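Please view the model before reading on.

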Amino acid sequence: MSGYSSNQLLENLFWANHDSHAVALYHFLGDSQIVFIKKEKVDPGQESVWDYPRPPALRHCDKRVHIILNGEVLADTKTALCVLETSHPPTYYLPPADIDMQKLKETRDNSFCEWKGIANYFDIISNNRQLTHVAWAYHKPTTIFIALKDHVAFYAHVMDCLLYT
């Protein structure tokens with residue numbers, strides 16, 4: 001098939017024919033080799049990101065989500081949405097009404113998700129320190145993910161993102 005690299009063809013073949021019990025991760029090496037890693041057993045009460053669906057699922061979160069940066073509360077909500085997507089940790093999207101939006105500065109940068117649409121990025125200014133591209137939102141999400149409109153997700157590795165039951 002012209003127009004496709006061998007990596008794209010292998011990835012398409014993988015996702016069309018993979019055995020979910022035997023395959024958990026793939027990684028391209030060179031132009032045409034895929035390495036498969038066996039899926040590990042999940043203990044009771046745990047979830048595996050490899051069991052999450054493709055395309056992703058959108059769920060209402062039944063937990064309180066609390067986000068803190070440098071000791072400052074950025075967000076606190078009981079009405080977050082959660083996206084579960086194969087090979088990704090759960091992503092929590094918070095309504096802007098429950099976020100201190102004065103600390104967020106939208107950038108001109110964006111990226112594209114085949115499922116959700118165009119994501120717009122935010123920098124955060126906290127305690128006179130600016131962190132770049134640490135949050136994002138979909139202002140015009142695809143029809144399936146319209147509930148995400150203007151909700152903001154945060155990269156957890158730069159702040160404390162806490163979930164309470």
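**Reading pockets and strands**

Q: Which strand supplies the largest share of the lining of the largest pocket?

A: Strand β7 does, with 4 residues. A strand is a DSSP run of E of at least two residues, numbered from the N terminus. The model is predicted, so local features need pLDDT of at least 70 and side-chain atom pairs pLDDT 80 or more, whereas totals for chains, interfaces and linings use all residues. Residues are numbered from 1 along each chain as its sequence is written, and side-chain values use heavy atoms, without hydrogens or water.

Q: What is the volume of the largest pocket, and which residues are closest to its centre?

A: Rolling a probe the size of a water molecule over the atoms shows where empty space is left. A pocket is an open set of points on a 1 Å grid over the protein atoms alone where a 1.4 Å probe fits, with protein on both sides within 12 Å along at least five of seven lines; lining residues have an atom within 4 Å of a point. A volume is the space filled by probe spheres set on the points, which are joined across faces, edges and corners. Here the largest pocket holds about 620 Å³. Of its 28 lining residues, Pro 89, Pro 90, Thr 91, Tyr 92 and Trp 136 are the closest to the centre. At least two lining residues come from each of β4 (64-69), β7, β8, β9 (117-126) and β12 (160-164).

Q: How does the lining of the largest pocket divide by class?

A: Ala, Val, Leu, Ile, Met, Phe, Trp, Tyr, Cys and Pro count as nonpolar, Asp, Glu, Lys and Arg as charged, and the others, Gly among them, as polar. The lining has 21 nonpolar, 3 polar and 4 charged residues.

Q: What is the volume of the second largest pocket, and which residues line it?

A: Its volume is about 220 Å³. Its lining includes Glu 47, Arg 59, Cys 82, Pro 90 and Tyr 92. The elements giving two or more residues to this lining are β3 and β6.

Q: What is the strand order of the open sheet?

A: Two strands pair if DSSP finds at least two bridges between them. The 7 strands have the order β3-β6-β7-β11-β10-β9-β8, with antiparallel pairing. Because β3 (57-60) and β8 (104-113) each have a single partner strand, one side of each is left without a neighbour in the sheet. Within the sheet, 3 bridges join β6 (residues 81-84) to β7 (residues 91-94), and Val 83 has Thr 91 as its bridge partner in β7.
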